[in-house]
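Have the structure open while you read.

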Amino acid sequence: METMLTTLRKIVQEMTSYSQFSDAVQSLVAAVKEAMDTDVCSIFLLNKNRIEYDLAATDGLNVAQVGEVRLRTDQGLVGFVGRRAEPINLEQANQHPEFHFLPDSGEEAFNSFLGVPIIHQRKTLGVLVVQQTQSRKFDEAEESFLVTLAAQLATVIAHAEAVGDFGVQQTPFQSKEDNCFVGVPGAPGVAIGQAVVMHPIANLDAVPERDAEDVTLELLLLDRAIEAVRGDITNIIEEFSASLPKQELALFDAYLHMLDDNALSGDIRAQIQRGQWAQGALKKVIREHVGRFELMEDPYLRERGADVKDLGLRVLAYLQDIRDKKIHFPKNTILVGEEVTPAMLANIPADRLSAIVSIKGSGSSHLAILARAMDIPAVMGAIDLPAYDLEGETLVVDGDYGEVFTRPSAKRLILSKELIEQERIFDEELTDLKELPCITQDGWRVQLWVNIGLSGDITRSLDRGAEGIGLFRTEIPFMSQDRFPTEAEQTGLYREHMEAFEPRPVTMRTLDIGGDKSLTYFPIKEENPFLGWRGIRVTLDHPEIFLVQVRAMLKANAGLMGELRIMLPMISSVNELLEAKELISQAHQEVMEEGVKVKAPQIGVMIEVPAAVYQARLLAKESDFLAVGSNDLTQYMLAVDRNNPRVAGLYQDVHPAVIMALREVARAAHTEQTGIGICGELAGTPVGAVLLMAMGYHVLSMNATHLPKVKWVIRNIKRSDARRMLARVLRMNTAEEINAFMHKQLEEKGLGRVLPHHHDL
Ligand code: PEP
Ligand code: MG
């Protein structure tokens, strides 16, 4: 006997193998009917109007009624199940007061009824029903089977609904105007343009395995194809070398390395020598490599799988002699694809590319990094977007919110155009602020610093008037290597930043790995990584890594005027601070003994966990500055994983508990007369910046993109007004209330331009 779990899996798997939604639900009802050995299984789905259910599929009732039968939500047992949001199990359905007979359905023959609601994220999507002639109560096992199935089904249906293939009469996609597909922000900005869909240039899956007729000839063909791809990539490097920073260009170098004999080429050759023809050999090797990457947990490594595939396709195209066809790129091209790769960008003239949308990938993909460096709005991970239907379609892309609008309405277009124009004018105005201090109208001075990590950040930050570096995320350069960088390599990189920013202060955070940031060459496998071996916990356990890093920081600062501040992430007890201080002092001594003269650095503690909030005074006493990492502090205070989309709605940056904690930390620092700053995303939001300034944070450190707007808001407000707002906010009960109040206040002060508006059509 099959277990219930196996049956469930089979049913769901079979259902998801259909491309048409209507076929999928039909297969489902048939399979459930068989598995439960009942006479009828039907599925009713809530219509778009949300007041009626449609019969979407049935096995056992009159099939001709599919798409015909409608039931209001206040009608019949189906409506009752939906309203109750609970299973209803009846021996004699027609005796129930809610029973409503469906004419022409053939329903009269059935006595017993079991209906379970299909609910996704609190919303009822439909009702799954089984019926039987025999008058009997379905047993508990049957009931729990159907409940379990309905819970899994909910996800599948929600996905179908999102892509527009929902309900029985609608054709997908075309039927909806102004449909919004949500992904994740890849690079900021709004754009309107024409979709150009990038297909993979060749299809590896379609390549058959075949014996080579002439091994030497196949090897020769392979060589030619690889040489041709090398040529293409070298051209890309040349084309981009002027406009892209070194670090991003290194990606294309990595492509060249992958083509080397000791990597992909070697393996493909070996396959050919074993008698496979070149295309088959290529397919085998690429599949193997991609498969290995895709199984990896580390997101950075998974992304490398995409790079390998892209390369494989390029080689295949030459083997098949179907090079890139000349695609026409209109002005305002929006590049759309299942998996847009950095190499695809090379085919498009830079002045024609206005946005990028990739179904796969995330904010940390190389593509997103490139898009930010090129200042092109990008949305990643728009998993529900029907990419291949979009050729030539007008799209609106909002990289700030990670949203793509298909078939935008006239209103949406007007609004988006306004937004783009406003943004352009505003940005231009804001450039005038570059040299001006960030000071409130009543003379309160705030320091605006930047968070940095990518190499392109230096110029962007200085262009926008950054007064210092408030957070150098040193793990980013560690992540783009395949081993720990040496002391000399680190010194070189850090010095580049310190020289560029001299005489401004530079805050170097010590290696903050663990959680969602892992190094390929130093894997950490844990059940609960965010509560595990993270940040300072790792580096205190590995003094050899910590000391080398601190020595590099000290040496990088030698002879420069800017202040070096070393900042410790994830501190949850004072012991960690004391141990780290000891190591920093050891490193300082060693560097001095080597004859390099450097001042002792300032040492700061990041306040990122609730424990540190309650010990802020003690930590302030033992250090030179405190800096709140509000991204993590919010995650740990609210117990909401900052990367989990399912609970994203609960991650509220101005949750009253977070605001209270922020104020406590500021007070503790003031009492101990220690510098207090913040470097989480909150500092870069208009609402956050105003409240933090009111609390007395001396340093707000943020992404360079946000800096000019924050400066504008603070220069146009009085601290006394901000303090009055804070006093009110501290008495509020919910994040919604705080946000609404602050938005209204900023609007009333004529500062509404910095607030996001696009949602109110
Ligand atoms: C934070 O947690 O707020 C922070 C600035 O650090 P990161 O985002 O790098 O974890
Ligand atoms: Mg953090």
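Predicted model: local features only at pLDDT ≥ 70, side-chain atom pairs only at ≥ 80, totals over all residues.

## Around ligand 1

Glu 608 turns up again here. Ligand 1 has 14 residues around it, and those that come nearest are Arg 473, Arg 509, Glu 608, Asn 631 and Arg 642.

| Residue | Distance to an oxygen atom of ligand 1 |
|---|---|
| Arg 473 | 2.7 Å |
| Arg 509 | 2.8 Å |
| Arg 642 | 2.8 Å |

Where do Arg 473 and Arg 509 stand relative to each other? Arg 509, in S17, is the bridge partner of Arg 473. Their strands, S16 (residues 469-473) and S17, pair in the parallel sense over 3 bridges. S17 also pairs with strand S18 (residues 564-568), again in the parallel sense, over 4 bridges. On that side, Arg 509 stands opposite Met 567 in S18.

In a regular strand, side chains alternate between the two faces of the sheet. Strand S17 (residues 506-509) is covered on both faces: Val 506 and Met 508 point to one side, Thr 507 and Arg 509 to the other, and all are buried.

## The eight-stranded sheet

Elsewhere, 8 strands form an open sheet with mixed pairing, in the order S7-S14-S13-S9-S10-S11-S12-S8. Strand S7 (179-182) and strand S8 (184-187) are at the edges with a single partner strand each, so one side of each has no neighbour in the sheet. On average, neighbouring strands of this sheet are turned by 30° against each other, direction ignored.

Inside that order, strand S10 (residues 333-337) and strand S11 (residues 353-358) run parallel and are joined by 5 bridges. Thr 333 is opposite Leu 353 in S11.

Helix H12 (residues 410-431) lies across strands S9 (190-198), S13 (394-398) and S14 (403-406), and runs at about 115° to S9. Ser 416 is a residue of helix H12. Is Ser 416 buried or exposed? Its relative accessibility is 4%, so Ser 416 counts as buried. Leaving aside neighbours within four places in sequence, Ser 416 is in contact with Val 190, Ile 192 and Val 396. Ser 416 and Asp 398 are 18 residues apart in sequence, and their C-alpha atoms are 9.0 Å apart in space.

One more arginine to look at is Arg 483, in the loop between helix H14 (475-479) and helix H15 (487-501). Leaving aside neighbours within four places in sequence, what is Arg 483 in contact with? The partners are Glu 489 and Tyr 521. With Glu 489 there is a polar contact between the two side chains, at 2.9 Å. Arg 483 and Leu 519 are 36 residues apart in sequence and 8.5 Å apart in space, C-alpha to C-alpha.

Key:
Residues numbered from 1 in each chain as written. Chains lettered and ligands numbered in written order. Heavy atoms only, no water. Pairing = 2+ DSSP bridges. Helix = DSSP H or I, 4+ residues; strand = E, 2+ residues; numbered from the N terminus. Axes fitted to C-alpha atoms, helices over the stretch in contact; angles between N-to-C directions. Contact = heavy atoms within 4.5 Å. Near = heavy atom within 4 Å. Polar contact = N/O pair within 3.5 Å; in protein donor to acceptor, adjacent residues only side chain to side chain. Buried < 20%, exposed > 50% of the residue type's maximum accessible area, 1.4 Å probe, protein only.
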